[in-house]
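Okay, everyone, thanks for coming. I'd like to walk you through one model today, so please have the viewer open.

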Amino acid sequence: MGAFGGVLLALGYGKLNGKMLVNAAVGTMQTTSMVLFLGVASNVFGAVFARLGSADLMTRTLLALPLPPFMMLLVIMILLFLLGWPFEWPAIIYLFLPIFMPVVIALKYDLVWFGALVAVNLQTAFLSPPVAMSAYYLKAVVPDWELGTIYKGMADFMVLQIIGLLLLMLFPEIALWFPRWLFG
């Protein structure tokens, strides 16, 4: 839908040409191949990881920590937040989330709620220094802006993201009321 809207906008502004379409197609193929490669590589990694017993070891180790379930969830969220600095979201979803999923399942947390927590958490991590991937994306779009200015502009939104994440952690119904209403 977004791609169709982009084509309509380019057509409406008279900027649509063959070179632009070729560049968009090549960019799409590069991104798609990267995501598919990550998917294949993560399946291989996950299979080897599981076959060697590492996933079970990680699950047992995390569950053996003398922490209440909510603190364990907080530890997982902090680890995902820190992973959001150097890694893109597909790498985190494909490589690291399967390591934490058995722990989340063993703690009997709702997976829809956990998925919402992960999404908001990664969104927050992409805004936070020192890496702040979204700042570099914006810098690529508007090269005249200084990174310091971009960071300052993102700071208020970052505070709102953290408040939203904490509210979502404390009140799971924020994420669960609609799926429960929709699916009974």
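So, how many helices and strands are there in the chain? There are nine helices and zero strands, where helices (H or I, at least four residues) and strands (E, at least two) are DSSP runs numbered from the N terminus. Before I go on: this is a predicted model, so local features need pLDDT of at least 70, side-chain atom pairs count only at pLDDT 80 or more, and totals for chains, interfaces and linings use all residues. Residues are numbered from 1 along each chain as its sequence is written, and side-chain values use heavy atoms, with hydrogens and water left out.

The C-alpha atoms fill a box of roughly 60 × 40 × 40 Å along the principal axes. Of the 184 residues, 26% are buried; by that I mean under 20% relative accessible area, with exposed being over 50% and partly exposed in between (1.4 Å probe, protein chains only). The accessible surface comes to about 12000 Å², and 76% of that belongs to carbon and sulfur atoms. Those areas are from Shrake-Rupley with a 1.4 Å probe, and for residues only the protein chains shown count as cover. As for contacts, meaning heavy atoms within 4.5 Å, take the ones with a separation of 6 or more: 66% of them are between residues 24 or more positions apart.

Now to helix H8, residues 147-170. Its 24 residues should span 34 Å at 1.5 Å a residue, and the end C-alpha atoms are 33 Å apart, which agrees. The expected span there is 1.5 Å times one less than the number of residues. H8 does bend, by about 35° at Ala155, taken as the angle between axes fitted to the seven residues ending there and the seven starting there.

Which residues of H8 are buried? They are Ile150, Met154, Met158, Gln161, Leu165, Leu168 and Met169. An α-helix has 3.6 residues a turn, so residues three or four places apart point the same way. The cover over the buried H8 residues includes H4 (69-83), H6 (111-125), H7 (133-141) and H9 (173-183).

H4 and H8 are the elements giving two or more residues to the patch, and H8 gives the most, with six. Leu160, in H8, is exposed at 56% relative accessible area.

Over in H6 we find Asn121, which counts as buried at 1% relative accessibility. Leaving aside neighbours within four places in sequence, Asn121 contacts Met77, Leu80, Phe81 and Leu165.

Phe126 sits between H6 and H7 and is buried, at 15%. Not counting residues up to four places away, Phe126 touches several residues, including Gly84, Phe87, Trp89 and Met133.

Most residues other than glycine have a negative phi, but Lys108 has a positive one of about 65°.
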